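Colleague: I have a few quick questions about this model. Can we go through them one by one?

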Amino acid sequence: MSKDWWKETAKGIPQIITETPGPESKRINERTNRYMRGISSQVKLFPVAFEEGSGITLTDVDGNRYLDFSSGIYVTSLGHCHPKISEAIAKWANKLMNCHDFATPVKEKLLEKMVKVLPGNLNSVQFYSDGTSAVEAGIRAARAIGNHHEFISCFRDFHGKSMAAVSCAQMVRGDVYSYGPTRATGFYMVPRPDPYRPLFKKEDGTIDTDAYINFYEDFIRESTVGNVAAFVLEPAQGWGGSIFPPEDFFPKLRKFCDDKGILLFDDEVLAGMGRTGEWLCMNHWDVVPDIITLGKSFGNGFPVTAMVVKEEYAEVLDKISASSSYGGNPMACAAALASIEVIEEEQILENVRRVGAHFMKRMEKMKADHPIIGDVKGKGFLLGIELVKDKATKEPFEEAGKLVYQKAFRKGLAWIPAGHILRMSPPLIMDEKYADMGLDIIEESIAEVEKEFGYK
Ligand SMILES: Cc1ncc(COP(=O)(O)O)c(C=O)c1O
């Protein structure tokens with residue numbers, strides 16, 4: 001099979017043939033919403049109903065065809081319904097769907113493949129069906145490893161929606177409200193370096209990574225009972241707006257954790273498995289974490305996730321009753337194995353690095369040309385454009401973010417909103433032609449919004 005398999009169905013996109021959302025989308029959403037609650041903001045802002053996906057193309061129920069800049073939600077990273085992955089799932093759907101956590105030939109192959117692509121001795125694995133459960137299991141593992149119970153995570157990180165996972169994140173954000181008095185006991189939040197909005201700066205105005213690390217030292221002494229199990233962090237903040245830390249942050253945090261006997265728990269659910277041009281996003285900084293979680297791209301849309309710890313902590317997984325009903329079922333393993341094979345066979349990491357550099361170059365130019373683009377950021381295909389009211393004050397421009405999202409969707413770009421930071425997560429198979437096509441739509445939409453707000 002050619003690695004250009006997705007180009008056939010991409011011909012002619014975007015193709016918008018009705019007003020959008022179209023009449024059938026509206027009808028389905030109205031009927032669905034009689035019963036469905038808890039819908040995410042991206043659907044509320046653009047209530048379309050989808051029927052089909054192939055490669056980088058999404059088709060709605062009215063026959064409108066969209067260029068995909070979302071990969072579901074960082075999930076279908078190798079393209080919708082990649083033939084190799086769909087066939088692998090179908091094979092096991094017809095053969096053996098579930099046998100709890102008994103070994104299977106496909107699990108054996110997946111595990112052997114995983115430990116080859118993961119760095120260091122991250123080779124002790126358990127599987128789950130969503131990112132939150134993997135994070136939750138990682139937290140339980142971290143507690144068991146050192147018999148410590150406190151956790152430190154960072155402002156604007158996101159790790160899932162269970163009690164422990166929400167306790168590692170901002171609890172009230174946008175339309176999310178967390179009822180109850182507080183986060184779980186023993187969970188703390190600290191700032192992490194955002195190069196565009198540094199909290200701690202050197203005299204020359206550049207971000208001061210050492211000051212953050214020094215702050216962590218003070219914070220642990222003053223706020224915790226000195227029983228910290230782990231720092232739980234995203235390597236780059238996905239929901240937070242594609243924010244990457246300065247290059248020296250994770251090497252310095254690794255050393256700090258080693259000095260203090262604290263584990264480094266790297267949540268790669270969103271940024272891992274090729275999205276930034278490396279198997280793990282953390283590989284960019286040559287740092288090997290103690291615990292990682294994988295999800296989203298890991299099964300290209302099939303619900304399969306993993307929690308992995310270093311070999312020296314392997315026995316801990318036996319102590320925490322780590323398995324689950326669906327984790328590691330044969331279909332899930334087949335999806336994850338085929339996804340890793342596709343990344344290798346189609347030289348996806350190389351594509352992400354090359355086209356990712358193209359994205360950034362073009363986005364830098366957009367920043368220079370547009371008064372409301374304060375910052376552009378990202379690595380590989382984890383990208384963001386930060387909208388501000390004024391480049392000097394950097395005041396976030398939330399209203400513009402919402403409008404640009406809707407306008408671009410109407411022009412045929414299926415993507416993800418995030419307040420004032422426009423998030424992009426295109427399928428990793430995409431080439432420069434379609435990268436430019438998506439950015440053209442976004443730039444046109446930004447220009448229209450600027451005009452509406454009287455900027456040009
Ligand atoms: C970094 C990170 N961790 C964990 C999760 C939770 O994953 P899931 O939605 O599969 O439970 C997410 C979801 O967006 C995420 O971005």
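Colleague: How many residues surround the ligand?
Modeller: This is a predicted model. The closest residues to the ligand are G131, T132, G160, V269 and L270. The shell count is 14 residues.

Colleague: By class, how many residues of the shell around the ligand are charged?
Modeller: The shell has five nonpolar residues and six polar ones. The charged residues number three.

Colleague: Are α14 and α15 parallel or oblique to each other?
Modeller: Helix α14 covers residues 398-410 and helix α15 covers residues 432-452. Their axes come within 9 Å and cross at roughly 130°. Angles over 145 degrees would count as roughly antiparallel, and 65 to 115 as roughly perpendicular. The two helices are therefore oblique.

Colleague: Is the crossing of α14 and α15 left-handed or right-handed, and by class, how many nonpolar residues does the contact have?
Modeller: The crossing is right-handed. From α14, the contact uses A400, L403, V404, K407 and A408; from α15, it uses I441, I442, S445, I446, E448 and V449. One contact residue is polar and two are charged. The nonpolar count is eight.

Colleague: What radius of gyration does the protein chain have?
Modeller: The protein chain has 15 helices and 14 strands. Its C-alpha atoms fill a box of roughly 65 × 60 × 45 Å along the principal axes. For 456 residues, a compact globule would be near 23 Å, so the chain's value agrees: 22 Å.

Definitions and conventions: Residues numbered from 1 in each chain as written. Predicted model: local features only at pLDDT ≥ 70, side-chain atom pairs only at ≥ 80, totals over all residues. Near = placed C-beta within 6 Å. Nonpolar A, V, L, I, M, F, W, Y, C, P; charged D, E, K, R; others polar. Axes fitted to C-alpha atoms, helices over the stretch in contact; angles between N-to-C directions. Helix = DSSP H or I, 4+ residues; strand = E, 2+ residues; numbered from the N terminus. Parallel < 35°, antiparallel > 145°, perpendicular 65-115°, else oblique. Left-handed = near helix turned anticlockwise from the far one by under 90°. Contact = placed C-beta atoms within 7 Å. Rg over C-alpha atoms; globule rule 2.2 N^0.38 Å.
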